[in-house]
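Visitor: I am new to this structure. Please take me closely through one part of it, the packing between a pair of helices.

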Amino acid sequence: MKRAILLVAFGASGLRAQEALRGFDVRVRLAHPGVPVRWAYTSLLLRERLAQARQKSDSVAKALLRLQFERFTHVAVQPLQTIPGGEHAEVRGVVDDVAQATGMVLRLGTPLLNSDDDVLAAARAVCAHVPAERLPHEDVLLMGHGAQHAAVSRYEDLARAVYALDPRIHVGAMCGSRELGHLLPRLTSSRVWLMPLLSVIGRHALEDMAGQRESSWRSRLEAAGHHCCPVLHGMAEYAGFADIWLRHLDQAVAGLDAPA
């Protein structure tokens, strides 16, 4: 048995995002000393950008086949995804196909909001990581990606769990029932803190959330009369969220010993 860990992210071309993934990589190596850790990216565009910059840019399939070539037989695969939606289903499909084609023992970890217990842990992480400068009466708005998938309901679950802990913290998403237009009437404080519910700081956080163009959440909040304070830290940078993914990875690693 020769083990490895494969971490999967959407992609990271910006320095800030790459630093966040490196920080998560350190956490994984500390939790699983001696086990080689590799990365794969699901975004074709970002893989192409990384390749042009002569940086490692493996897809999930390519990374797994590379591990097979290096004679690894057992691999735990952990994606840094928020919900078990379409992207997670695609990763699962690739993992299943490679396992069938190669005979490797592959175990896939689950996304951040996979179970009810995960939702409660994430709600506590949200409340723990709001800025210390935020006053109790001020609204905090989180922006997730959303999805055209049944698993988008996990954002609703998280919103309810967060409201139970702090009714001034609101969970939103770029698409789905928790889009900004649905949440604006609930925001009553003059200052609103805007935080990404995304693994790392990339284009969505910099442009769609905190950007200057008219359609960004920041601009729309300011147009509604709020003073907006964006917080540019991804979930992978916060221990409360990272610990959930790490727990799921632990389960995947433990599953390498279980019979198929």
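Guide: What follows is a look at helix 5 and helix 6 and how they meet. The model is predicted, so local features need pLDDT of at least 70, side-chain atom pairs count only at pLDDT 80 or more, and totals for chains, interfaces and linings use all residues. Residues are numbered from 1 along each chain as its sequence is written, and side-chain values use heavy atoms, with hydrogens and water left out.

Helix 5 covers residues 116-128 and helix 6 covers residues 153-165; helices here are DSSP runs of H or I with at least four residues, numbered from the N terminus. Their axes come within 9 Å and cross at roughly 50°. An axis is a line fitted to C-alpha atoms over the stretch in contact, and angles run from 0 to 180 degrees between N-to-C directions. That angle makes helix 5 oblique to helix 6 (under 35 degrees is roughly parallel, over 145 roughly antiparallel, 65 to 115 roughly perpendicular, and the rest oblique). The crossing of the two helices is right-handed, meaning that the near helix is turned clockwise from the far one by less than a right angle.

Contact means heavy atoms within 4.5 Å. On the helix 5 side, the residues that meet helix 6 include Asp 116, Val 119, Leu 120 and Arg 124. Among their counterparts in helix 6 are Arg 154, Asp 157, Leu 158 and Leu 165. By class, this contact has 10 nonpolar, no polar and 4 charged residues (Ala, Val, Leu, Ile, Met, Phe, Trp, Tyr, Cys and Pro count as nonpolar, Asp, Glu, Lys and Arg as charged, and the others, Gly among them, as polar).
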